[in-house]
Amino acid sequence: MSTPLDPIATLVEYLRFPSISTQQEHAPQVRACAEWLESLFKKIGLHAIAYPTEGHPIVVAKTIPDPKKKTLFIYGHYDVQPPEPLEEWKSPPFQPHIDTKEERIYARGSSDNKAPTLAHILGVAKTLQEKGSLPVNVIFLIEGEEEIGSPHLDHFLQEHQAELASDVIVISDTGMAPGNLPAITYALRGIAAMEFIVRGPAHDLHSGLFGGAVANPLTVAARLIASLHDENGHILIPGFYDDLQPQEPWERDAAKALEQVSQADQYIKELAGVEELFGETGFSTCERIGARPSVEVNGFGGGYQGTGTKTILPKEAFVKLSFRLVANQNPKIILEQASTYLRNQLPPGVSLDIIFGHYGEACLMNPTSSYGKAAREALKESFGTEPFLLRDGASIPIVAQFKKIFGVDILLIGLANPDCAMHSPNENMLLRNFFNGITLNQILLERLAQ
Ligand code: BES
Ligand code: MN
């Protein structure tokens with residue numbers, strides 16, 4: 001490659017693809033984004049292939065300067081969440097907008113996960129440009145289905161296991177600590193999603209003629225939802241906490257230290273736009289997000305939704321919910337336990353259909369391995385302050401699979417600013433994090449080589 005790539009211009013190009021994995025009508029643009037990545041890798045001198053799958057393509061790129069050197073495996077995703085509601089965006093989601101005062105770029109996918117992925121790529125490109133070769137072998141795998149639970153990646157990893165073998169896996173699909181402080185994430189929560197439909201009468205009924213005589217599916221659904229927690233925010237599903245691995249004492253101390261330095265409660269209130277926080281008693285906010293399991297209702301509906309009144313007793317109601325799990329809870333067992341608990345509470349005259357959604361295990365990593373130390377040093381050097389050790393609340397289900405299949409250390413060194421609004425309108429990425437991220441990756445290549 002002759003001229004170095006301009007980081008911002010390249011990022012803007014990348015962000016223009018509406019690579020929305022969940023919407024079938026966007027499949028051509030998802031593919032175009034994969035092909036763009038493939039050609040970017042080739043441009044910087046890597047061997048690259050966008051592999052077709054039953055779903056969206058998986059892009060693999062490699063540079064193996066010396067098979068005897070350590071090999072770094074870098075994972076990221078180029079797919080994004082749907083941008084809706086569109087009217088809440090201040091600039092169109094796929095026309096990247098740079099706010100020069102805030103020093104942020106606004107676009108869907110900016111922080112989750114395009115700019116962090118690009119920081120890896122540009123770090124490698126810059127070192128190649130400056131030094132002519134890398135001190136380590138690098139394998140990139142950038143997938144297009146993370147936001148829908150990576151349905152085809154597991155199979156791909158099994159099939160390509162030998163050629164994807166590495167000494168350490170690096171992922172920046174996580175976030176910085178509250179206050180935008182540098183952090184290594186050593187835990188991710190697992191996820192288990194389900195939907196249930198409460199079915200009652202054969203059709204909607206007149207609520208005067210039948211009200212009081214027939215169980216109302218919406219009322220039943222509301223009671224089922226309310227039965228998930230007690231008044232202290234503990235989850236009431238029998239067996240739910242049985243397999244949970246308790247926190248180590250140092251973890252509670254680390255959470256406390258972070259909360260103090262970052263004023264986490266105040267910070268999180270502002271991010272959420274709420275006056276007060278809420279949740280399980282006995283645990284601090286960062287613990288409730290990172291170290292405790294939770295269940296949230298993601299959607300709830302049924303009955304008349306139009307204007308004015310309509311006096312009916314609806315025939316059905318639906319509820320979508322998802323659990324966030326911690327090590328060692330098994331998502332399938334949790335879904336079974338939840339189903340049994342819900343079914344046992346049904347009043348006469350209604351039935352329950354339960355559909356399991358995507359799920360993935362929680363993951364705990366060792367932050368004190370030699371690779372962990374190398375990552376901490378690289379973070380300190382590029383961001384200027386000692387990184388925190390963080391348990392993140394969100395999920396990257398494939399990480400547990402990486403651990404099982406490859407059995408190597410995994411470093412989660414996310415770049416997303418906590419106020420990046422990922423999955424929300426006006427998603428953005430702090431440019432400082434993007435540029436520091438490029439430096440971080442350059443330093444990391446050197447450190448991991450040692
Ligand atoms: N990048 C996020 C996960 C993340 C964000 C981890 C911040 C740590 C800190 C990822 O793209 C994501 O949103 N995952 C989904 C998984 C689901 C769709 C299977 C999630 O957590 O909801
Ligand atoms: Mn995401």
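Gln263 sits in the loop between helix H7 (249-262) and helix H8 (264-272). The model is a predicted one. Phi of Gln263 is near 50°, a positive value in a residue other than glycine. With a relative accessibility of 53%, Gln263 counts as exposed. Ser150 also has a positive phi, of about 50°, although it is not a glycine. Ser150 is buried, its relative accessible area being 6%; the cut-off for burial is under 20%.

Two cis peptide bonds can be described next. One joins Glu84 and Pro85, with omega of about 0°. Pro85 is placed in the loop between S3 and S4. Another cis bond joins Asp112 and Asn113, and here omega is about 15°. Asn113 belongs to helix H3.

Glu147 lies in the loop between strand S6 (137-143) and helix H4 (153-159). His423 lies in the loop between strand S17 (409-412) and strand S18 (428-430). The pair therefore ties together parts that are 276 residues apart in sequence. Glu147 counts as buried, at 14% relative accessibility. His423 is partly exposed, and its relative accessible area is 41%.

The largest nonpolar core has 61 residues. Within this core, Phe41 and Phe140 touch the most other members. Leaving aside residues up to four places away in sequence, Phe41 touches Leu46, Ala48, Val59, Ala61, Ile121, Phe140 and Ile142. A second, separate core holds 26 residues, including Ala192, Leu321, Ile334 and Leu335.

One open sheet is built from four strands in the order S11-S13-S9-S14, with antiparallel pairing. Strand S11 (294-302) and strand S14 (351-360) stand at its edges. Each has a single partner strand, so one side of each is left without a neighbour in the sheet. On average, neighbouring strands of this sheet are turned by 15° against each other, direction ignored. Strand S9 (residues 190-199) pairs with strand S13 (residues 316-325) in the antiparallel sense, over ten bridges. Gly190 has Leu325 in S13 as its bridge partner. Helix H10 (residues 331-343) packs on the sheet and touches S9, S13 and S14. The direction of H10 makes about 165° with that of S14. Helix H6 (residues 217-226) lies across S9, S11, S13 and S14. H6 runs at about 175° to S11.

Another open sheet has three strands, ordered S4-S5-S18, and the pairing is antiparallel. Strand S4 (97-99) and S18 stand at the edges. Each of these has a single partner strand, so one side of each lacks a neighbour in the sheet. The twist averages 20° from one strand to the next. S4 and S5 run antiparallel and are joined by three bridges. His97 stands opposite Tyr106 in S5. H3 packs on this sheet, touching S5 and S18. The direction of H3 makes about 45° with that of S18. H13 packs on the sheet as well, touching S4, S5 and S18. For H13, the angle to the direction of S18 is about 60°.

Helix H1 (residues 7-15) contributes the buried residues Pro7, Thr10, Leu11, Val12, Tyr14 and Leu15. The buried residues of H1 pack against several elements. Among the helices are H2 (27-43), H3 (110-131) and H13 (431-449). Among the strands are S3 (71-77), S5 (104-106) and S6.

Notes:
Residues numbered from 1 in each chain as written. Chains lettered and ligands numbered in written order. Predicted model: local features only at pLDDT ≥ 70, side-chain atom pairs only at ≥ 80, totals over all residues. Heavy atoms only, no water. Helix = DSSP H or I, 4+ residues; strand = E, 2+ residues; numbered from the N terminus. Buried < 20%, exposed > 50% of the residue type's maximum accessible area, 1.4 Å probe, protein only. Core = buried A, V, L, I, M, F, W, Y, C linked by side-chain atoms within 4.5 Å. Contact = heavy atoms within 4.5 Å. Pairing = 2+ DSSP bridges. Axes fitted to C-alpha atoms, helices over the stretch in contact; angles between N-to-C directions.
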